[in-house]
Amino acid sequence: MTDARLPAGWNLTEIRKVSGDEEALALSPDRRVTWSAFSGPDEEVDPEIVLAFHDLCLVKPVDDDQWYMGDLKQDGSVLCWSAYDGLYEALRGL
């Protein structure tokens, strides 16, 4: 299992401050992540970084600079339904 990772240049204290969630965590990317495309079939996402904010997650895919927001399911998978161009914007969008 791959260890949880933080985005380059960020630490957990900064992530918690910007998001307003003092319990935010970095999770292992070893999980199923799906992008729910509104105009087509759902797509599998290869996660590099997964940040959890209670029942919400931000996911940075491998080889993609966008951050996807979605729901953290009970089985540990993530269903994403929104995308942001940068981490700061995504954290403020929580």
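Are Trp35 and Tyr68 buried or exposed? In this predicted model, Trp35 is buried, and so is Tyr68. The close-up views below present these residues and their surroundings.

**View A. Strand 7 pairs with strand 2 and with strand 6.** Strand 7 comprises residues 78-84 and runs parallel to strand 2, residues 33-35, with three bridges between them. Within this pairing, Thr34 is positioned opposite Leu79 of strand 7. Strand 6, residues 67-72, pairs with strand 7 in the antiparallel sense, over six bridges. Here Trp67 has Tyr84 of strand 7 as its bridge partner.

**View B. A hairpin joins strand 6 and strand 7.** Five residues lie between the two strands of this hairpin. Gly76 adopts a positive phi near 95° in the hairpin.

**View C. Trp35 and Tyr68 form an aromatic pair.** The structure holds one such pair. The geometry of Trp35 and Tyr68 is tilted, with 5.0 Å from centre to centre and 35° between the planes. The pair links distant parts of the chain, as Trp35 belongs to strand 2 and Tyr68 to strand 6, 33 residues apart. Both Trp35 and Tyr68 are buried.

View D. Asp21 and Leu87 are separated by 66 residues in sequence and by 15 Å in space, C-alpha to C-alpha.

Key
Residues numbered from 1 in each chain as written. Predicted model: local features only at pLDDT ≥ 70, side-chain atom pairs only at ≥ 80, totals over all residues. Heavy atoms only, no water. Pairing = 2+ DSSP bridges. Helix = DSSP H or I, 4+ residues; strand = E, 2+ residues; numbered from the N terminus. Phe/Tyr/Trp six-rings, centres within 6.5 Å; stacked < 30°, edge-to-face > 60°. Buried < 20%, exposed > 50% of the residue type's maximum accessible area, 1.4 Å probe, protein only.
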